[in-house]
Amino acid sequence: FEGLPVTATVDDAARLLLATTQQEFPVSDGAGRLRGMVTRDGIVQALGQAGGGTPVLDMMVKDVPEIRAAAALQDVLQLMQKAQTSFVAVTDPSGAFQGYISRENLAELILVQTSRDRYAAGQRG
């Protein structure tokens, strides 16, 4: 994934939005600690209301729910539902940010696994 430093602006985020397939971007500090997430909708809204020079720190989603990397998929889904969010941060046992999981990631995982299962069933039958 591509991320943004705390010094980034909305213009920086917009460039990443256009250059990648991501819809959200983690913002982390020099120590690698997650500070928040910038979303596609947030970028578009900030560009229209505050301008591209706005710091991402002023428009990012703060207090992103976190889950440990070893958590079960069911726990990820439950956390997303409880927090009413489309992404969760993934941390290591010490709480350091490792990445994130989005609803889009989960949908792709299910699509790929379903296709593999269908193929395997066809090979057996």
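**Note on an aromatic cluster and its surroundings**

1. F1, F97 and Y100 make up one aromatic cluster. The model is predicted: local features need pLDDT of at least 70, side-chain atom pairs count only at pLDDT 80 or more, and totals for chains, interfaces and linings use all residues. Residues are numbered from 1 along each chain as its sequence is written, and side-chain values use heavy atoms, with hydrogens and water left out.

2. How many aromatic pairs does the structure hold? There are two. Rings of Phe, Tyr and Trp (its six-membered ring) pair if their centres lie within 6.5 Å; planes under 30 degrees apart count as stacked, over 60 as edge-to-face and the rest as tilted. F1 and F97 are edge-to-face, at 5.8 Å centre to centre with 70° between the planes. F1 sits in the segment before β1 and F97 in strand β6 (residues 97-102), so this pair ties together parts that are 96 residues apart in sequence.

3. F1 and Y100 form an edge-to-face pair, with 5.8 Å centre to centre and 70° between the planes. This pair also links distant parts of the chain: F1 in the segment before β1 and Y100 in strand β6, 99 residues apart.

4. F1 counts as exposed, at 57% relative accessibility. F97 is buried at 13% relative accessible area. Y100 is buried as well, at 14% relative accessibility.

5. Now the overall fold. The protein chain has four helices and six strands. Helices (H or I, at least four residues) and strands (E, at least two) are DSSP runs, numbered from the N terminus. Along the sequence the order is β-α-β-β-α-β-α-β-β-α. The C-alpha trace spans about 60 × 35 × 25 Å along its principal axes.

6. Of the 125 residues of the protein chain, 33% count as buried. A contact means heavy atoms within 4.5 Å. Among contacts between residues at least 6 apart in sequence, 43% join residues at least 24 apart. The accessible surface of the chain comes to about 7800 Å², of which 51% belongs to carbon and sulfur atoms. Accessible areas come from the Shrake-Rupley method with a 1.4 Å probe; for residues, only the protein chains shown count as cover.

7. Strand β2 (residues 24-28) is largely enclosed by the rest of the structure, because four of its five residues are buried. Two strands pair if DSSP finds at least two bridges between them. Strand β1 (residues 4-5) pairs with β2 in the parallel sense over two bridges. P5 has S28 in β2 as its bridge partner.

8. β2 also pairs with strand β3 (residues 34-39), in the antiparallel sense over five bridges. E24 stands opposite T39 in β3. β2 and β3 form a hairpin with five residues between them. In the turn, G32 has a positive phi of about 80°.

9. Which residues form a nonpolar patch on the surface? They are L73, L77 and L109, with about 250 Å² of accessible area together. Patches are made of residues with over 30% relative accessible area and no salt bridge; like charges are joined within 9 Å, nonpolar side chains (Val, Leu, Ile, Met, Phe, Trp, Tyr) within 5 Å. A salt bridge is a side-chain nitrogen of Lys or Arg within 4 Å of a carboxyl oxygen of Asp or Glu. L77 is found in helix α3 (residues 73-83). At 37% relative accessibility, L77 counts as partly exposed.

Key
Buried means under 20% relative accessible area, exposed over 50%, partly exposed in between (1.4 Å probe, protein chains only).
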